[in-house]
Amino acid sequence: MAVKEYAKEFIAKGGVFRDIADQKETLWINDRYLPFDMVDALCQLVVTDEDIEDAARRLDRFAPYIRKCFPETEEDRGLIESPLAEISAMKAAIEKDSSCVIPGRLFLKMDSHLPIAGSVKARGGIYEVLKHAEDLAIGAGMITENDNYERFADDDFREFFGRYTVQVGSTGNLGLSIGIMSAFLGFKVKVHMSADARQWKKDLLRSKGVEVIEYEDDYSKAVLEGRRDSDRDPSSYFVDDEYSVPLFLGYAVAAARTKKQLEEKGVTVDADHPLIIYVPCGVGGAPGGICYGFKRLFKDSVHVFFCEPVLFPSVLLGMATDMHNAVSVNDFGLCEMSEADGLACASPSGFVTRIDRNLLSGDFTIVDGRLYDYMRMLKETEDILIEPSSCAAFIGPARLHEYEAGKAYLHLNGLTPEKLANCVQICWATGGRLVPEDIWEKYMNTHIEY
Ligand SMILES: *Cc1c(COP(=O)(O)O)cnc(C)c1O
């Protein structure tokens, strides 16, 4: 595919744009990163602390229902939550592999192991479906906020939801979370899947009675068709990954939950004990919500970086060009498919590139081959399996202190070696739990030269 004129102009500027055109790993530092207090008021015009707390309360209301229907949530009493694990052996392995020193402690936030959907999408996706179900049930006078939500499991509720359809466009994992939860509640479900979606995800959904519609094109097309199909049907609700505020809120709740886990581990986060987070990024919804939630709680003490495949740096481009969702990686000559299903989005969420424009610290890109190497490294050192896409997060701690741009960011933001010695870094593991045995085997044996 030919490089578009506007893209040529950016590439001619060199730097990160040149790296992207060359499919070379890079780090983009956000040129519009600002102190939190300067953007706080503006951000709250769009999403407030109260909005996020409201989402957390809604998840609390549904906890008895989730606990009843999904026994794997018993330990967290119906909250869909994941462990935060320190990964010292992996840290040592990355240091050896990259000949670098990673300051502070390194943790893995294991959303890869979230109940029900086995990916970070269990946060936003399930939250939005539950909210939709609640809106319908309250609207029909079937329940009030003060009732016990175990009622949602009753036959009359399932029959009621059977009159409605939920639809979504997905590269895989969002479809899984929306599909599994909606079908469980009794909704009719249609999942529009892009070409890169893995077969086992389609099979799993079909086994739950979900209608899976397949497209030859990438994710943007699946979303477009899904949105169109849903708009034609008044009883259909479309979960819109590119614009959805409920999805964003579901993800943002992760911050307060993780804060509690850090406190339980006796970890301090403040100006002298910085927190650095790395989140694999596709269209931007999940990492965008997580970033926003953490910035609201920890302000300038937290630094959030996204991690994208070299073939799909869509959020990076959306922000760095300030063209938001109007940008496409294809316009920069990137049109191969990535192994990192789940991150293969050509255009970013315009909502996220705008709301996080002054909050995100930067964005790393990573080649596909390295994802598999990190996946094996984590399995060998920590005996933890997470899917290849998720492993994009490890490029962060490996490289932040190596790139000149990274060093300049640390210096500019007062992250001195003394402070960094006290820091905590979190790699966000975004998927893995539902991957079938034979697919793990294939993943483990995939080696790509780079
Ligand atoms: C969806 C997903 C992401 C990123 O989420 P976006 O909202 O698309 O940015 C990261 N990792 C995995 C495994 C995912 O499924």
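Which residue stands opposite Q425 in β11? The model is a predicted one, and in it I276 takes that position.

1. Surroundings of β11. Strand β8 (residues 275-280) pairs with β11 in the parallel sense, over 4 bridges. Strand β3 (residues 105-110) also runs parallel to β11, joined to it by 6 bridges. Here L106 stands opposite Q425.

2. Burial of β11. Of the 6 residues of strand β11 (residues 424-429), 6 are buried, so the strand is largely enclosed by the rest of the structure. V424, I426 and W428 point one way from β11, while Q425, C427 and A429 point the other way; all are buried.

3. The sheet. The strand order is β1-β10-β9-β8-β11-β3-β2 in an open sheet of 7 strands with mixed pairing. Its edges are formed by β1 (27-29) and β2 (84-86), each of which pairs on one side only. On average, neighbouring strands are turned by 25 degrees against each other, direction ignored.

4. Strand β9 (residues 302-309) pairs with strand β10 (residues 362-366) in the parallel sense over 5 bridges. The bridge partner of P309 in β10 is I366. Helix α18 (residues 404-412) packs on the sheet and touches β1 and β9; the direction of α18 makes about 30 degrees with that of β1.

5. Nonpolar cores. The largest nonpolar core has 153 residues, and Y65, F152, F161, L185, L275, Y374 and F394 are those with the most contacts inside it. Helix α6 (residues 121-139) supplies the largest share, 8 residues. Because domain 1 (5-49 + 67-116 + 248-444) and domain 2 (120-244) both give residues to this core, it lies between them. Leaving aside neighbours within four places in sequence, Y374 is in contact with M90, I94, D97, S98, I366, C391, F394, I395 and A398. A second, separate core has 5 residues, including Y219, V223, F238 and V283.

6. Helix α3. Which residues of helix α3 (residues 36-44) are buried? They are F36, V39, D40 and C43. These residues lie on the same side of α3 because they cover an arc of only 130 degrees around the axis. The buried residues of α3 pack against α13 (285-298) and α15 (350-355). On the other side of α3, D37, M38, A41 and L42 are exposed.

Technical notes:
Residues are numbered from 1 along each chain as its sequence is written. This is a predicted model: local features need pLDDT of at least 70, side-chain atom pairs count only at pLDDT 80 or more; totals for chains, interfaces and linings use all residues. Side-chain values use heavy atoms; hydrogens and water are left out. Buried means under 20% relative accessible area, exposed over 50%, partly exposed in between (1.4 Å probe, protein chains only). Helices (H or I, at least four residues) and strands (E, at least two) are DSSP runs, numbered from the N terminus. The arc is that of the directions from the helix axis to the C-beta atoms. Contact means heavy atoms within 4.5 Å. Two strands pair if DSSP finds at least two bridges between them. Axes are lines fitted to C-alpha atoms, for helices over the stretch in contact, and angles run from 0 to 180 degrees between N-to-C directions. A nonpolar core is a set of buried Ala, Val, Leu, Ile, Met, Phe, Trp, Tyr and Cys residues joined through side-chain atoms within 4.5 Å. Domain bounds come from an automatic or database domain assignment.
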